[in-house]
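Here is a short briefing for a first look at this structure. Please look over the sequence and the model before reading on.

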Amino acid sequence: MGFLRVLFCLGAALALSLSLGGCMSVSPERQRLVSRPGMVFSDAPHLSNRSALSAQIEPGRAAGGAQAAGCTACR
Amino acid sequence: MKRLLIGFFLAAFFGARAAEPEKRLLGAMPAAEFEAEVLQASDITLTQAAGTLRLNRGATEAALTLGFGTLAIDYAPVAFDLFGSARGRKETALSAQLALRHRAGTRLELLGSLGARDGFDSYRALWLDEYFRQRFEGRPGYRSAQPRGAAFSGGARWEYQLASGFVQLGYARSQDDVAPGYEIDFTGLRRGAETLVTDTVTLGFENVLTERLRTRVELRVATTSEREPRYGAEISARYALGERWIVRADAGASDERPTFRAQYGGAELEFAATETFAIFFGAQLYRDTGEIENALLFSSAAPGLRSRRADLGLRRDGERLAWRVSVGRVAGDFAATNRNTDFFQNLYRDRSWLALRAAASWKF
C-alpha cells in the first residue's frame with residue numbers, strides 16, 4: 001500500500017504539473033522572476049541545498065545502494 | 001577541514017575583486033566549484049569536501065570532481081556487551097567523478113558520468129565494522145573490510161517546451177564493496193553480502209508554470225542486490241513572493257517492501273537583502289519506519305527515526321564568484337531498540353547534530 005500511496009501522490013503531482021505546463025506556457029521574456037539564482041534548480045553547489053552527508057543521518061533520502069537503508073551490513 | 005574553510009573564505013575575499021576578461025583553458029571556458037560540509041554530534045564527526053573543475057567547449061561540458069571525506073566515531077559498546085570495548089576510530093574516503101554533458105540538438109542534451117570511491121560511505125557502516133571486528137577478528141572467515149565503490153550513469157534531458165518544460169530520463173549502475181555483517185553458529189562464522197549492485201532509473205520533469213512558479217517532480221526506482229525495489233519520489237517548488245522574497249518547498253517519500261517507508265519535506269524562505277546578497281532560513285522534517293529486519297537471532301537494522309532540521313544561511317551571487325554558507329541543527333530521535341537490536345543502542349541513540357556547509361562557484 002505504501003508504494004501505491006507514493007505513486008498516487010506523485011502521479012497526481014506529475015499530472016498537475018504537466019497539465020498546467022501544457023496549458024500555460026510562460027515565454028522566456030516573462031521568466032525574469034523564475035530565472036533568479038534562488039529560483040532555479042541547479043547542480044551548482046552554491047545554488048543547491050542538497051547535502052552530501054544528510055543521507056547518512058536520514059537514510060530514506062538515499063536513492064539506493066550501500067548508503068540506503070536496508071541492511072547493507074545487517075544480519 | 002579548517003584549512004579548507006580558510007581557503008574557501010580567502011578565495012571568496014580575493015576573488016570578489018576580480019573583473020578581468022574570461023580566461024580559457026585547453027580552448028574551453030573553465031569554472032571551478034568547491035563544497036565543504038561538516039556534521040558533528042557529541043560522539044561522531046563527519047566531513048566532506050569536494051572540488052570540481054568544469055570545462056565548457058562549445059556543445060560539450062566536462063566536469064571533473066575530486067572528493068575527500070572523513071568519518072570519526074567514539075565507538076561505545078552497550079554495558080552488557082562482554083566482548084566490546086570503547087575505542088575512537090577515524091577513517092577517510094576519497095572519490096573521483098567525471099561527468100559529461102553534450103548538447104546534441106537545439107533542445108536535447110545527453111548526460112553521462114563515471115565515478116569511483118574508496119572508503120566507508122557512512123558512520124553506521126564504520127560503527128558496525130568496529131562491532132564485528134571486536135567480536136570476530138582472528139576467527140576463520142573474518143576479513144578486514146575494504147569498502148569501495150564504482151558507478152556510471154547515462155541519460156538525456158529534453159526541452160520539450162521552450163525554456164519552460166523539461167523532461168529528464170536517467171539510468172545509473174553502482175557497485176559497492178561494503179563492510180559485511182557476520183553471524184556465528186555451530187558451523188562457524190558466516191559473512192553477509194560483500195558486494196551490492198544497484199540499478200537506478202529516474203524520470204524527472206521541470207516546469208515553469210507561471211511567471212512566479214517553477215516546479216520539479218522526480219520519480220525513482222532502484223533495485224539493490226538481495227532486496228526489493230525501492231521506489232522514491234520528490235516534488236520541489238520555487239515561488240517568488242515578490243521582488244525580494246522567495247519560498248522554496250520540497251517533499252519526498254521512499255518505499256521498500258516489506259516495511260521500509262520514509263517521508264520528508266521542508267521549506268526555505270529567502271530574502272534578497274541587496275542585488276547580490278540573500279539570506280535564507282529553512283526547516284525540514286523527516287521520518288522513517290526503520291530498516292527491514294531479516295535476522296534470525298539478532299539484527300543491526302535501525303529502528304524508526306524522526307528528525308527535525310533548521311538552517312540559517314547567506315548567499316552571494318556575483319558575476320564571477322558566487323558562494324553560499326549555512327549553519328544548522330538536526331535533532332534525530334530513534335525509536336527504542338528491541339531485543340534483536342539492543343547491542344546497537346549506542347549506535348541508534350538520539351543525537352543533536354551541528355550542520356555546517358560552505359559552497360562556491362568561480363568563473364575564471
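In which strand is B:S254 found? B:S254 sits in strand β13 of chain B, residues 245-256. Strands are DSSP runs of E with at least two residues, numbered from the N terminus. This is a predicted model, where local features need pLDDT of at least 70, side-chain atom pairs count only at pLDDT 80 or more, and totals for chains, interfaces and linings use all residues. Residues are numbered from 1 along each chain as its sequence is written, chains are lettered from A and ligands numbered from 1 in the order in which they are written, and side-chain values use heavy atoms, leaving out hydrogens and water.

**Around B:S254**
- B:S254 is buried, at 1% relative accessible area (buried is under 20%, exposed over 50%, partly exposed in between, with a 1.4 Å probe and protein chains only).
- A polar atom of the B:S254 side chain lies 2.8 Å from the backbone oxygen of A:G60.
- B:S254 also touches residues of chain B, including B:R220, B:Y231 and B:F260 (contact means heavy atoms within 4.5 Å).

**Strand β15**
- B:F281 lies in strand β15 of chain B.
- B:F281 is partly exposed, with a relative accessible area of 48%.

**Aromatic residues**
- B:W158 and B:Y160 form a tilted aromatic pair, 5.8 Å centre to centre with 45° between the planes.
- Rings of Phe, Tyr and Trp (its six-membered ring) pair if their centres lie within 6.5 Å; planes under 30 degrees apart are stacked, over 60 edge-to-face, the rest tilted.
- B:W158 is partly exposed at 45% relative accessibility, and B:Y160 is partly exposed at 25%.
- One aromatic cluster includes B:F80, B:Y131 and B:F344.

Notes
Helices (H or I, at least four residues) and strands (E, at least two) are DSSP runs, numbered from the N terminus. A polar contact is a pair of N or O atoms within 3.5 Å; within protein, one must be able to donate a hydrogen and the other to accept it, and residues adjacent in sequence count only if both atoms are side-chain atoms. Lists of a residue's contacts leave out its neighbours within four places in sequence.
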